[in-house]
Amino acid sequence: MKLEIDHNMEKKLKIADIAMRTGLSSSTVSRVLAGKANTSYRAREKVLACARELGVMDGMASGRMLLNNLVIFAPQRAFDERTDIFYFRVIQSISKALSHYEVRLRYCALDEFDSTPSKFLARMNEAETQAAILLGIDDPHIHDLAADFSKPCVMINCHDRRMRLPTVAPDHKNIGAFASHFLFEMGHRRVMNIMCLRRYTMELRLAGIKEAWERQNQNFKDDRDLLTINSFSAKEAEEKVGAWLDMTEKSMLPTAFLASGDFIAAGIINALKKRNIRVPQDVSVMSIDGFNLAAIEDVPLTAVHVPRDELGTEAVHMLQQRLVRPDATVGALLLYGKLVIRESVRRIRPGKEPTPIKGDRLYD
């Protein structure tokens with residue numbers, strides 16, 4: 001009991017000391033250190049500066065959120081579930097992670113590659129802006145501006161080439177390698193990869209896929225083993241894969257398709273179905289996504305889940321650490337994917353060919 005009393009006395013002394021040094025009341029100091037919203041920006045900055053000087057922040061619980069106003073910068077499509085369900089859900093996960101604190105979330109749309117610096121600076125210079133999250137913004141000039149600000153900033157699914165901003169992202173390269181390796185373990189050697197390569201993140205996944213092929217002593221050829229599309233839409237995937245199937249002899253078909261998204265997988269399955277090619281009896285289909293469509297045309301979809309909700313949660317934790325330890329070394333937290341095995345991928349036994357493709361079905 002004596003230790004608890006001593007600890008409480010030390011805490012009161014620290015609050016009293018900060019109050020005396022800043023000229024603020026003890027109740028104001030206590031509210032700031034508790035992360036409460038009913039304090040002025042000037043008072044908050046004075047208290048936190050003094051707390052850091054006295055070493056109070058070093059012993060503060062990492063679960064404390066020492067801000068009340070946060071701006072999320074993201075491409076416009078991220079704010080509409082119909083145009084980018086992945087980023088939309090990431091933003092929801094940030095909001096959920098902050099729901100326990102008195103934090104007001106604000107949003108600002110920026111172009112993904114060629115952002116408007118004045119727009120970013122205007123929001124960051126607003127007195128109420130205390131911190132920022134950059135979601136899917138690839139403009140290096142914006143990264144530099146964010147790193148030069150005294151206000152903490154965390155990136156999600158971005159890459160700061162100058163290594164000045166803390167980042168949380170899926171481990172895209174290992175996720176791609178993991179998915180490809182699973183298909184090899186299931187006995188597949190002829191795999192067609194259908195990918196949208198619009199961002200460097202997808203290039204990383206492709207690099208991981210190629211690395212997995214190399215480890216299996218398989219020669220990956222872009223013109224044979226890769227089909228690229230311009231979006232993640234099921235319609236485009238169906239059209240592109242359908243055209244490719246019509247030009248390919250059935251004896252030369254792959255034993256599996258690996259899609260870089262669930263909607264792409266849906267397009268692949270639709271194209272196969274229209275040509276009486278069964279999944280998974282004739283051809284297996286696997287996705288790197290696994291959130292949006294657990295089942296396609298009554299085919300439960302095997303997939304590697306790419307971290308999504310975890311991105312927002314980990315970004316909030318990272319931001320908490322930046323507030324408590326602003327001078328700590330920054331780095332990137334890469335999150336692994338999770339394999340979910342369903343029924344769209346079948347095992348090919350060694351020395352055996354997959355089930356022959358038949359146009360007629362006995363009980364149709």
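C108 has 5% relative accessibility, so it counts as buried (under 20% is buried, over 50% exposed, anything between partly exposed; 1.4 Å probe, protein chains only). The model is predicted: local features need pLDDT of at least 70, side-chain atom pairs need 80 or more, and totals for chains, interfaces and linings use all residues. Numbering runs from 1 along each chain as its sequence is written, and side-chain values use heavy atoms, without hydrogens or water.

How many disulfides does the whole structure hold? The search finds zero (a disulfide is two cysteine sulfur atoms within 2.5 Å). C153 is one cysteine left without such a bond: the nearest cysteine sulfur belongs to C158 and sits 8.6 Å away. C153 is buried, because its relative accessibility is 5%.

Now turn to the charged side chains. The whole structure has 21 salt bridges (Lys or Arg side-chain nitrogen within 4 Å of an Asp or Glu carboxyl oxygen). One of them pairs K173 with E211, at 3.3 Å from N to O. K173 belongs to helix α7, residues 172–185, and E211 to helix α8, residues 200–215 (helices are DSSP runs of H or I, at least four residues; strands are E runs, at least two; both are numbered from the N terminus). This pair links distant parts of the chain, 38 residues apart. Both ends are partly exposed: K173 has 33% relative accessibility, and E211 has 29%.

Helix α8 supplies a partner to another bridge. D222 and K210 meet at 3.1 Å, N to O. D222 lies in helix α9, residues 222–225, and K210 in α8, so this bridge ties together parts twelve residues apart in sequence. D222 is partly exposed because its relative accessible area is 40%. K210 is partly exposed too, at 30%.

Which helices does the bridge between K274 and E238 link? First the contact: the closest N and O atoms of K274 and E238 are 2.5 Å apart. K274 is in helix α11, residues 262–274, while E238 is in helix α10, residues 234–247. They are 36 residues apart, so the bridge joins distant parts of the chain. K274 is exposed, with a relative accessible area of 61%. E238 is buried, at 18%.

Some bridges share partners. Through them R77, D84, E112, D138, R198 and R199 form one network.

Most residues other than glycine have a negative phi, and most peptide bonds are trans. A cis peptide bond joins V279 and P280, with omega of about 10°. P280 lies in the loop between α11 and β9.

Two asparagines have positive phi. N157 has a phi near 55°. Its place is the loop between β4, residues 153–156, and β5, residues 167–170. N217 has a phi near 60°, and lies in the loop between α8 and α9.

Are these two asparagines buried or exposed? N157 is buried, because its relative accessibility is 5%. N217 is exposed, because its relative accessible area is 71%.
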